[in-house]
Every structure is written in structure tokens, then in C-alpha cells.
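Thanks, everyone, for making the time.

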Amino acid sequence: MKISYYPGCTLKTKAKNFEESTLCALKTLGLEVEEIDRWNCCGTVFSLAADDIIHHVAPIRNLIRTREAHSDAVLTPCAMCYNTLKRANEKVKNDPETLKTINTFIDAEGIAYHGDVRVFHPLELLRDELTFEKLAAKVVKPLTSLKVANYYGCLLVRPKEIGLDDVENPRVMENLDRALGAVPVDFPHKTECCGSYETVDHPEIVAERTMTILSSARDRGAEVVAVSCPLCAFNLDDRQKQTAQLYSGFKTIPVLYFSQLLAIALGCPEESLRLDLHYVDPKPVLKAKGFI
Amino acid sequence: MRVTLSSRKVQDEFVKKIEELSGQKILACYQCGKCSAGCPAVSEMDLLPNQVIRFVQLGLKEELLESQSYWVCASCLTCNARCPKGIKIAEVMEAIRQILLRRKKERVVVSRLTDREREDVPPIALISSFRKYTS
């Protein structure tokens with residue numbers, strides 16, 4: 001199976017740490033992927049209006065690009081891109097009318113889309129194709145005693161039809177932690193929304209969500225929080241500034257991408273982690289444990 | 001809140017439009033409240049999700065259009081995941097937003113965003129905000 005890589009807009013900018021750590025980790029595991037040529041923004045959210053077809057064009061175009069690269073599948077680490085691409089894919093696979101309309105609309109692309117690309121998330125690849133047993137065998141720097149709270153957010157697990165794990169109690173990131181030698185810390189807010197796009201107009205709503213989610217993780221002993229979405233990362237990391245301003249007694253906690261933990265454990269160089277792109281500096285915790 | 005119920009309101013085009021745009025059978029809701037119980041944004045809402053559905057069922061268009069609830073909805077889909085009748089409440093919220101946005105009443109006016117706002121937030125936040133709050 002040939003897999004192409006789709007970064008999405010934010011992994012090339014604010015979330016370069018997510019991209020570089022993911023690509024380094026995949027390379028170390030012998031799972032090299034090639035970036036799609038001429039990809040466009042996926043649209044970030046799947047349109048929920050029943051009559052909307054135009055907003056599905058952007059994700060489908062990316063799947064056409066995947067086909068042009070002679071790939072059967074596309075891998076995307078960003079949870080929002082994963083959700084949007086996969087939902088658009090499932091929609092057109094189940095609705096030939098819509099697929100026909102889209103193909104006619106973008107006939108200038110030269111090739112039509114036939115619903116034959118699979119959309120993957122790296123966590124799925126690690127769990128199902130590689131397996132966590134094989135991954136554990138490749139770990140050179142176990143993350144011993146690092147207590148990780150895994151924050152899934154919304155779009156990795158909802159809706160159930162496309163989610164990569166259980167809707168209410170996903171376990172894939174916890175199992176990843178164990179394979180890497182870390183200690184997963186379960187907490188009740190791991191699938192509760194971070195506030196998403198509210199962060200543009202109403203950062204105070206996000207600050208309240210961040211307060212609730214991170215306090216819950218901290219209270220259960222977490223030393224870091226792992227995420228898989230650049231918007232969750234922004235809301236839970238960068239917005240800790242507003243949270244601390246609004247809620248006295250709030251204690252900061254570093255937020256990392258799961259791929260950064262993976263990259264450390266697999267022996268990737270520190271430069272690939274891009275730890276300079278965080279608001280709450282994760283270096284003190286990682287240094288104290290001897291990981292960097 | 002005082003509302004007047006009438007069969008005229010229930011049979012209004014508005015209810016049909018919401019059903020059409022959301023693709024949901026609004027009358028299937030039996031007001032169990034699981035959607036509201038799971039919604040992370042309720043502290044910001046004037047009408048709870050299950051109340052929004054109720055208002056749609058009763059065709060209370062004026063009261064609904066004054067509510068702020070569907071603007072603070074973040075489409076987290078928890079309501080969809082919890083509904084025992086398989087109703088997609090998030091789609092109903094989207095339908096109400098779309099009815100208003102398609103009247104060209106934008107929520108986020110792009111030109112009014114400050115440079116600072118545009119620089120600080122990542123592209124993913126700006127784009128999803130535009131998708132949900134502009135027509």
C-alpha cells in the first residue's frame with residue numbers, strides 16, 4: 001500500500017513541531033511518506049448542512065492529488081484534516097449523486113475521483129499496521145516515569161462512523177504511551193471539546209475550557225498533556241496565558257504532540273522536536289527526566 | 001420565558017426548512033436531555049440544546065432567532081454521540097446558523113479582525129471560524 005502525506009495548513013506554520021516530529025518518527029520506523037504535490041487547505045471542518053456540496057470540493061481535491069501521486073492512501077496527523085478528509089470521503093462513497101456533481105464541477109482536474117483512497121491517521125498506522133509490540137521493540141529512549149495525560153479532543157473519535165477509536169473511552173494514545181515506556185494518566189475530560197474556533201472571537205470561553213481540562217489532568221498527576229491537533233494545542237497551550245489571567249491558582253502544564261513523545265523515544269534529534277514553538281516550555285520537564 | 005404556542009407556528013415553513021437543511025427528523029426527539037447533559041458549552045448558552053430542539057419542534061422561530069446558543073456551539077458532536085434516538089443535534093445547530101448566515105449576516109467580519117488577532121491565532125482557527133461564522 002502506497003501512502004502519501006497530507007500536512008494541512010497549520011503543520012507548515014505554527015505546528016511545524018507536529019510535522020517534523022511525525023516525519024522523523026515515521027522515517028525511523030521505516031514508514032517514509034511523500035508529501036502530496038499541490039495540496040490545498042482541506043477546509044478544517046466538515047460542513048453539516050444537508051444541501052452543501054461546495055465545501056466538500058476542497059477535501060476531495062486532495063484525494064485526487066493522492067491518486068495523481070499513484071497512492072492508495074493518505075496519511076494526515078492533524079485531527080481536523082483527518083476528520084474533514086475522511087468524512088468527505090465517506091460522504092461521496094455513499095452518495096454517488098454528490099460525487100458525480102463534484103466530479104463534474106472540477107472536471108478541469110482531468111481525473112475524476114472514485115472513492116478509492118483511504119484516509120489514515122498516524123495513530124491508526126502505528127496501532128494496526130505496525131502494532132505497538134513492534135513499536136516498543138524499536139524504542140531506544142524509553143519515557144520512563146513520564147506521566148502523560150492524553151487529550152483526544154473531538155475530531156479523532158467523533159462521529160463514531162469515522163472515529164479511530166471508541167467515542168467515549170478511546171485507548172490508543174494510552175497504549176502508545178505504554179509502548180514508549182511512559183505512564184498514561186486517565187482523566188474524564190480527554191474527549192471534551194477545547195472550544196475549537198471560539199478561540200478567535202471568544203478566547204475567554206476557551207480559557208474556561210482549558211482551565212477545566214488541564215486542571216482535571218493535573219489533579220490526576222499528569223506532568224504533560226499529549227494532543228493530536230494544532231487547534232487543541234493552541235487552545236490548551238497558548239491560551240494558558242489567558243487562563244492564568246482569568247483564574248488565580250491555575251498552574252501551567254506543558255502540552256506536547258504525541259508525535260514528539262514518539263520521536264524522543266525513537267531517538268530523533270532534538271531539532272526535529274521544535275520545542276521552541278511551545279508557549280509553556282516543555283524543556284524543563286523533559287530535561288529533568290533525562291529525555292533531552 | 002413566555003411563549004405562545006399555535007398550530008400555525010408548528011406548521012410553518014421554518015420548521016420544514018430546518019428539517020431539510022439538517023436532514024433530521026425533529027419530531028423524533030423525546031426531550032431526554034442527554035444532549036444538554038453532555039454539551040461542554042452549556043454555561044454560555046441561553047437555550048440548552050434540548051430546548052433548541054423543542055423550540056424548533058414548536059416552530060418558535062422568533063424566540064429561536066434571538067438565542068445565542070447556536071453561535072457558541074463548537075460542533076464538538078458530543079450531542080450526536082449521546083442521542084438515544086440518533087438525532088444529529090449538531091446538524092440542527094448548523095441549520096439554524098446557515099439560515100441566518102445565508103441572509104448575509106456574518107458573525108465574524110473578516111475585515112474587522114485586528115492584525116494582532118490574525119497573527120496570534122493559527123490558520124486552522126481562522127479558517128474554521130470563517131467556515132462556521134460567515135456565509
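Before the first contact, a definition: a crossing is called left-handed if the near helix is turned anticlockwise from the far one by less than a right angle, and right-handed if it is turned clockwise. What you see is a predicted model, in which local features need pLDDT of at least 70 and side-chain atom pairs count only at pLDDT 80 or more, while totals for chains, interfaces and linings use all residues. Residues are numbered from 1 along each chain as its sequence is written, and chains are lettered from A and ligands numbered from 1 in the order in which they are written. Helices (H or I, at least four residues) and strands (E, at least two) are DSSP runs, numbered from the N terminus.

With that in hand, H1(A) passes H12(A) in a left-handed crossing. The axes of H1(A) and H12(A), the latter covering residues 258-265, come within 8 Å and cross at roughly 40°, which makes H1(A) oblique to H12(A). Axes here are lines fitted to C-alpha atoms, for helices over the stretch in contact, with angles running from 0 to 180 degrees between N-to-C directions; angles under 35 degrees count as roughly parallel, over 145 as roughly antiparallel, 65 to 115 as roughly perpendicular, and the rest as oblique.

Which residues of the two helices meet? From H1(A) they are Asn17(A), Phe18(A), Ser21(A), Thr22(A), Cys24(A) and Ala25(A), and from H12(A) they are Ser259(A), Gln260(A), Leu262(A) and Ala263(A), where contact means that C-beta atoms, placed from the backbone, lie within 7 Å. By class, this contact has five nonpolar, five polar and no charged residues, taking Ala, Val, Leu, Ile, Met, Phe, Trp, Tyr, Cys and Pro as nonpolar, Asp, Glu, Lys and Arg as charged, and the others, Gly among them, as polar.

Let me step back to the domains. Chain A is divided into domain 1 (3-122) and domain 2 (130-288), with bounds that come from an automatic or database domain assignment, and the C-alpha centres of these two domains lie 24 Å apart. In chain A, 25 residues of domain 1 are in contact with 26 residues of domain 2. On the domain 1 side, the elements that give two or more residues are helix H1 (16-28) and helix H3 (79-94) of chain A, and the largest share, nine residues, comes from H1(A). Chain B is divided into domain 1 (7-103) and domain 2 (108-135), whose centres, taken over C-alpha atoms, are separated by 25 Å.

Now to the contact of the two chains, which takes 33 residues from chain A and 32 residues from chain B. On the side of chain A, two or more residues each come from helix H8 (198-201), helix H9 (203-219) and helix H10 (230-238), and the largest share, four residues, is that of H8(A). The residues on this side of chain A divide into 18 nonpolar, seven polar and eight charged.

Another helix of chain B, H4 (residues 49-57), has seven of its nine residues buried, so it is largely enclosed by the rest of the structure. The buried residues of H4(B) include Val52(B), Ile53(B) and Phe55(B), and H4(B) is followed by Gly59(B), whose phi is positive, near 70°.

I will end with the backbone. Leu77(B) has a positive phi of about 70° although it is not a glycine, and Leu77(B) is buried, with 25 other C-beta atoms within 10 Å. In chain A, Ser196(A), also not a glycine, has a positive phi of about 50°, lies in the loop between strand E6 (183-185) and H8, and counts as buried with 30 C-beta neighbours inside 10 Å. Finally, the peptide bond from Arg158(A) to Pro159(A) is cis, with omega near -5°, and Pro159(A) sits in the loop between strand E5 (147-150) and helix H7 (172-179) of chain A.

Definitions and conventions:
Buried ≥ 20, exposed ≤ 12 C-beta atoms within 10 Å, placed from the backbone.
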